[in-house]
Structures are given as structure tokens and as C-alpha cells.
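Let's take a walk through this protein together, with the model open beside you. We will begin at a turn, move on to the strands, and finish with a word on confidence.

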Amino acid sequence: MELGIGIGWRPEIADEVEALTGIDWVEAVAENLCADHLPDSLVRLRERGVTVVPHGVALGLGGADRPDPDRLAGLAARAELLGTPLVTEHIAFVRAGGPLATSPRLEAGHLLPVPRTWDALDVLCENVRIAQDSLPVPLALENIAALITWPDEELTEGQFLAELVERTGVRLLIDVANLHTNHVNLGQDPAKALDELPVEAIAYVHVAGGVEKNGVWHDTHAHPVSAPVLEVLAELRSRVDPPGVLLERDDAFPPAGELAGELDAIRATLRKAAPSADPGPDRAAQRKAAPTPVPAGARDRTAVAQTALLSALVAGTPAPEGFDHRRLRVQSRALAAKRADVVAKVAPELPEILGDGYRAAFLAYAGSRPMSGGYRRDALGFAEHVLITGGPADPAARRRLTYWWQDRSGARPPRRTTRLVRAARAVLVGK
């Protein structure tokens, strides 16, 4: 399956993506698409013959629990709607707690690294097989960027991925920016990882930008692709000709000319770094190993370990033994900042109502109240907290926030009459 050169489709740059030349395919975040209706931009791209691949971020296949059937059904529906040749997700956990850990459910709101242990691998492999059986097209999984590493890991990243492919036959989505991130943050050699992993199992490749702050690389997807990331792409290209390569950008979107320039840099890197040798037989296309049951207690042990880590990151509980406390603080701040950013996008009225005080108020809220549901529920919880604690100080802003919370806290979306009342209130409050 040859994909070619692609770019991440986002609503904010839909027009720019449509106007770019030489784009063979796009990738869209699955959870941002309706299961029964596509944005007009994606419809037009598909009519032009551009392949659209849904990229999931919420399954949490590396978590201790089995995959949620409703989330799998939603991803399958989006795959059917798009007529895609494959779907992709991440090797990560995104939530923890619950019955297996006998604790409240916690949401990370972010992709967190799976411990590279045999227990975690056994759990991941069974979760992947469940997902594969539920999806109408092949599945590919992405390596993630990490600020922290688990103590007492038993496998390198390359070995972990190789075992995963051998046991499940899953394809790989290799993010070279994430390999660079792990090189800076964790001292892991990208070349060694590429030597160890089954490059012939690669479905496609991600390329993205980031920024280094105080010796820590942040995989922002909001900065230009750096030269070191292109060097990792060249390393990969010297080993295999990937079926597809995609530029990711999720924020601080530049003009179309800059996106085109980054795509040109990717094409030039691929041309210059031809494979030095035959990559050998396609092991990923060979028969996968027979499934083996998850050993007794593996899910429980994984649940306890992941819950302890996530609780330390989002609820301020003591750090589990063996973790770098400084890195945990960096990761904790990053999770809270991302919550603030995403809630501001999901509910743009909140920063508008609260003004310059929004971010400080939200970070204070996040520091004592872990996320237990989605971002929309988080936005409602934050607004309720502000109101209960007597804010905002400005009476007009308090009225607006009260009306906003009342309109959205019901079991059903507001009807037309409610929306008209809301609009009238906004006009009156603004006077």
C-alpha cells in the first residue's frame, strides 16, 4: 500500500491543505470527525482521489483495561465512512484507575508511555488483537514521545516494537520526531531503535516540529521541523523506503507557503537518503505468532502501576519509586497546560469571559481536580468551580459565566428557543 507524501488535515488549515500541490493523502484526528458526516473539505479531497486516514488518540491500547467497545465501534464507523485503507492509533495509555486498580478513574488528556516490560507487552498485545478484530481495515500503531521513562524496563523501544509486530502482525507508524524527542529527553539512540525495530512493518512515517526548553524537548507540533528530526528521517530512509510520509502540524499554523516549504524539505531528505541495502523479507506480511493468553495478574499489576503514575501527575500524590521527580514535575505541568489549551478550544467562551485570568484560574483548578471525563465535561467542571468559589469578580462576567454553565449543563443540548435567549442575554450583558 503506497500512500506517498501527505499532511495532517486540521479544520484550521483546511483551505491551505486543499490548495497544496503534490499531496497524495491526508490524516485526520478520528475523534474530531463525526461518525456519520464528513467536513466539506474532506469530501472534496476524497472526490479528488486523496486518501484520508483516521488517526485515533483516545483508545489507550497500552492501558490495563481492554479497549472500550464503543470507542472501537466509533473508530470502525469512521474508517467505513472514509473508505480508508487503514486506521492508526498510539502505543500509549491515556487513562487509569477503575476496578482493576480499585481507585477512581483518571484521564490523562495526553498520551503517556507504556512501561517496556513483559507484563505491559502481554496486555498491549491482547488489546491490539481485540482492536484488530473490531476494525474493518488494518491497524498501525505509533511510537510516542516521552518526557519520562519507567524504572526497571526490560526491553528497549526497538525490541518492544519488534515483539509487538511479531505477536500481532500489526503495522507500525514511526514518528521520527518522537524518536528525536526520546533521544534528547531519555538518551535513547534513534539509530539503535531503527536497527532493532522491523522497519519492513512500517505503514507510514510522521514528521513534526518541536522545541527544546531547559534541556527538555517538547513535541509541540507547533514549530517548524528541525534539522535533527530530518536527520532521523534520513536514517530511516537509508534502511527502508516508507510507503508514506506525513507532515504533522497541530497549532500555531503557518502560512501555506511555509507548509509547502516543510514538505519540500521532507521530499529532499527522502531523495538524498536512498536505502543502502535490501531491507530483506517483509516479515510483517508473514503469519503472525499464535496469540497467547495474558498471564494471571498482568492486567492488575499494570493497572496499579499506571494508576500510581497518573495519580502522581494529575492529583499530586507521591511519585512512584524509581521515577525522576524533576521530570515528573515537568510532565505534570505539561499535562495541566495542555488541559488549559484544549478546554480553551473546546469552550472558547471561557477565556473570553474570564479574560487574562483564565489560564491562572484553570491551572489552579487543574492542580487539585484531576480530569475524570472528556474535555467538555472538564470545561463545565471548571466553570462550576469558578462560580462556586465566588468568581469572577466582575458582575457582568459572572452573569455571563452563569448563563453559559446553565445552558450547557443539562442532559440535552439547548433547543432553538434556549439559543435565542442565550443570544439575547449576551447582547444585554454586553451593553
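Start with the hairpin that β5 and β6 form, which has four residues between the two strands. In its turn, T102 has a positive phi of about 45°. The names used here follow DSSP runs, numbered from the N terminus, with helices being H or I runs of at least four residues and strands being E runs of at least two. Strand β5 covers residues 93-98 and β6 covers residues 103-112; they run antiparallel and are joined by four bridges. Strands count as paired if DSSP finds at least two bridges between them. G98 stands opposite S103 in β6. Six of the six residues of β5 are buried, where buried means under 20% relative accessible area, exposed means over 50%, and partly exposed lies in between (1.4 Å probe, protein chains only).

Before going further, please keep in mind that this is a predicted model, in which local features need pLDDT of at least 70, side-chain atom pairs count only at pLDDT 80 or more, and totals for chains, interfaces and linings use all residues. Residues are numbered from 1 along each chain as its sequence is written, and side-chain values use heavy atoms, with hydrogens and water left out.

Now find strand β2, residues 25-29. Why can we call it largely enclosed by the rest of the structure? Five of its five residues are buried, so the strand is largely enclosed. Both of its faces are covered: W25, E27 and V29 are buried on one side, and V26 and A28 are buried on the other.

Strand β2 has partners to look at, too. It pairs with β1 (residues 4-9) in the parallel sense over four bridges, and V26 is the bridge partner of I7. Five bridges join β2 to β3 (residues 51-55), and these strands also run parallel; here V29 stands opposite H55. Helix α1 (residues 14-19) makes a right-handed β-α-β unit with β1 and β2, and helix α2 (residues 40-47) makes a right-handed one with β2 and β3. Right-handed means that, with the strands pointing away from the viewer, the path from the first strand over the helix to the second runs clockwise.

Follow β1 next. Five of its six residues are buried, so this strand is largely enclosed by the rest of the structure. β1 also pairs in the parallel sense with β12 (residues 244-247), over four bridges, and there the bridge partner of I7 is L247.

At 1.5 Å a residue, its 17 residues (118-134) should span 24 Å, and its end C-alpha atoms are 25 Å apart, which agrees; the expected span is 1.5 Å times one less than the number of residues. The helix is mostly covered, with 12 of its 17 residues buried, including L121, L124 and V128. Its cover includes α3 (69-82), β7 (139-142), α5 (157-168) and α10 (298-314).

H223 is partly exposed, with a relative accessible area of 30%. Leaving aside neighbours within four places in sequence, H223 is in contact (heavy atoms within 4.5 Å) with G209, G210, V211 and R249.

Finally, how much can you trust what you see? The mean pLDDT, the predictor's confidence in each residue from 0 to 100, is 91, and 92% of residues reach 70 or more. Over residues 281-286 the pLDDT is below 50, and this stretch has 11 contacts beyond near neighbours in sequence. Residues 426-431 are also below 50, with four such contacts. Where pLDDT is low, the predicted coordinates should not be read in detail.
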